Amino acid sequence: MEILAKNLLELRKAKKLSRQAVADAVRISAKSYERYENAEREPVASVLLALADFYGVSLDYLVGRTEQR
């Protein structure tokens, strides 16, 4: 999912956070988060929910189903 990867990168950079900081906040490894941003892997539903909550966006926005946050 290239859109998910793009959105994760943009959201993290907008908040000026490191990958490690985001990974720690949602309780995953920094390597896993890096793989999500590089579109090498897709997160499971529980991680998607945690990321959406962390960034304050909807799941639809995160996966590119809507442009509104």
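Arg-12 touches Leu-17, Ser-18, Arg-19, Val-22, Tyr-33, Glu-37 and Tyr-55, leaving aside residues up to four places away in sequence; contact means heavy atoms within 4.5 Å. Arg-12 lies in helix α1 and is buried, with a relative accessible area of 9%. Buried means under 20% relative accessible area, found with a 1.4 Å probe on protein chains only. Helices are DSSP runs of H or I with at least four residues, numbered from the N terminus.

This is a predicted model, in which local features need pLDDT of at least 70 and side-chain atom pairs count only at pLDDT 80 or more, while totals for chains, interfaces and linings use all residues. Residues are numbered from 1 along each chain as its sequence is written, and side-chain values use heavy atoms, with hydrogens and water left out.

The largest nonpolar core has 18 residues, and Leu-8, Ile-28, Tyr-33, Leu-51, Tyr-55, Val-57 and Leu-62 are those with the most contacts inside it. Such a core is a set of buried Ala, Val, Leu, Ile, Met, Phe, Trp, Tyr and Cys residues joined through side-chain atoms within 4.5 Å.

The largest share, 5 residues, comes from α4.

In α2, the buried residues are Val-22, Ala-23 and Val-26. Seen down the helix axis, they fall within an arc of 100 degrees, so they line one face of α2; the arc is taken over the directions from the axis to the C-beta atoms. Their cover includes α1, α3 and α4. After α2 comes Arg-27, with a positive phi near 60 degrees.

Terms used: Buried means under 20% relative accessible area, exposed over 50%, partly exposed in between (1.4 Å probe, protein chains only). Helices (H or I, at least four residues) and strands (E, at least two) are DSSP runs, numbered from the N terminus.
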